[in-house]
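Here's a quick briefing on the model shown below. It starts with the overall picture and then goes through the confidence, the cores and a couple of helices.

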Amino acid sequence: MTSRENRLVPAAREDRLEPSDEDIVRRVQAGETELFARLLRRYNQRVYRAARAVLRDDAEAEDVAQEAWVRAFFHLRDFQGRALFSTWITRIAVHEAMARSRRARRTARSPGEIEPVTASPTPDPESEAADREMRTYIEAAVEALPAAYRAVFVLREVEELSTRETAESLELSEDVVKTRLYRARAMLRQDLLGRAGTPLSAIFPFMGARCDRMVEAVMIRVGAPAR
């Protein structure tokens with residue numbers, strides 16, 4: 001369940017369902033470190049997608065996402081609840097990704113060298129070949145957006161964050177988010193999105209075995225058993 005869904009669940013029902021992000025944070029801080037794995041499973045895909053929107057590389061994004069989670073665990077007491085936990089962890093991932101991107105630029109790519117566009121290595125076995133091709137086509141179009149617009153587009157349209165959540169995650173004003181989203185949409189051909197048989201929410205997947213692998217790796221690094 002996402003934090004957005006948490007906010008839609010009446011308090012009387014919430015206790016009978018999953019604990020809130022804030023409750024899990026308090027319990028992890030109190031020593032129930034194994035519960036941190038629940039937060040990973042709730043927001044792994046969002047954190048990964050946020051990192052990938054900056055880096056445009058599957059392996060780099062996964063590595064950055066893992067680093068963001070480890071950093072969040074060891075700085076959990078810095079989380080004051082002034083923003084949603086999902087916003088806080090997304091912001092950490094964005095900062096990590098931007099820092100790595102800056103370091104990569106300093107290593108200087110050869111002039112004229114074109115960065116390859118990589119598609120997700122995790123195919124959906126239930127998808128038809130045409131659907132997979134269309135998803136790859138959409139991913140390539142999104143990756144072709146300038147970085148500033150791509151990050152906003154992925155968080156708003158792919159992860160479906162609100163304008164406020166996106167602004168807080170990227171440390172931008174809401175007006176800037178709206179402007180960049182409008183321009184990003186304009187850059188993507190309307191007929192491309194209209195002909196897409198795959199919804200935007202299906203691109204850059206990070207579920208199943210990949211999610212399990214990150215949960216296990218992060219929990220081992222922070223010294224807490226995954227439950």
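Accessible areas here come from the Shrake-Rupley method with a 1.4 Å probe, and for residues only the protein chains shown count as cover. On that basis, the accessible surface of the protein comes to about 12100 Å², with 50% of it belonging to carbon and sulfur atoms. Keep in mind that this is a predicted model: local features need pLDDT of at least 70 and side-chain atom pairs count only at pLDDT 80 or more, while totals for chains, interfaces and linings use all residues. Residues are numbered from 1 along each chain as its sequence is written, and side-chain values use heavy atoms, with hydrogens and water left out.

**Overall make-up**

- The secondary structure comes to 12 helices and 0 strands, where helices (H or I, at least four residues) and strands (E, at least two) are DSSP runs numbered from the N terminus.
- Of the 227 residues, 45% count as buried; buried means under 20% relative accessible area, exposed over 50%, and partly exposed in between (1.4 Å probe, protein chains only).
- Take the contacts (heavy atoms within 4.5 Å) between residues at least 6 apart in sequence: 69% of them join residues at least 24 apart.

**Confidence**

- The mean pLDDT (the predictor's confidence in each residue, from 0 to 100) is 79, and 73% of the residues reach 70 or more.

**Nonpolar cores**

- A nonpolar core is a set of buried Ala, Val, Leu, Ile, Met, Phe, Trp, Tyr and Cys residues joined through side-chain atoms within 4.5 Å.
- The largest one has 38 residues, and Phe36, Leu40, Val47, Trp69, Phe85, Val218 and Met219 touch the most other members.
- Two or more residues each come from H3, helix H4 (36-55), helix H5 (58-74), helix H6 (85-106) and helix H12 (208-221), and H4 gives the most, with 10 residues.
- Leaving aside neighbours within four places in sequence, Val218 is in contact with Phe36, Leu40, Gln66, Trp69 and Val70.
- A second, separate core of 22 residues includes Ala53, Tyr149, Ala184 and Ile203.

**Helix H12**

- At 1.5 Å a residue (times one less than the number of residues), the 14 residues of H12 should span 20 Å, and the end C-alpha atoms are 20 Å apart, which agrees.
- Arg210, Cys211, Met214, Val215, Val218 and Met219 are buried in H12.
- These residues cover an arc of only 155° around the axis (taken from the directions from the helix axis to the C-beta atoms), so they sit on the same side of H12.
- What covers them includes H4 and H5, while the face turned away from the buried side carries the exposed residues Ala209 and Ile220.
- After H12 comes Gly223, with a positive phi near 75°.

**Helix H9**

- Helix H9 (residues 163-170) is mostly covered, with 6 of its 8 residues buried: Thr163, Glu165, Thr166, Ala167, Ser169 and Leu170.
- Thr166 counts as buried because its relative accessibility is 0%.
- Not counting residues up to four places away in sequence, Thr166 touches Val152, Leu155, Arg156, Leu161 and Val177.
- Just after H9, Glu171 takes a positive phi of about 55°.
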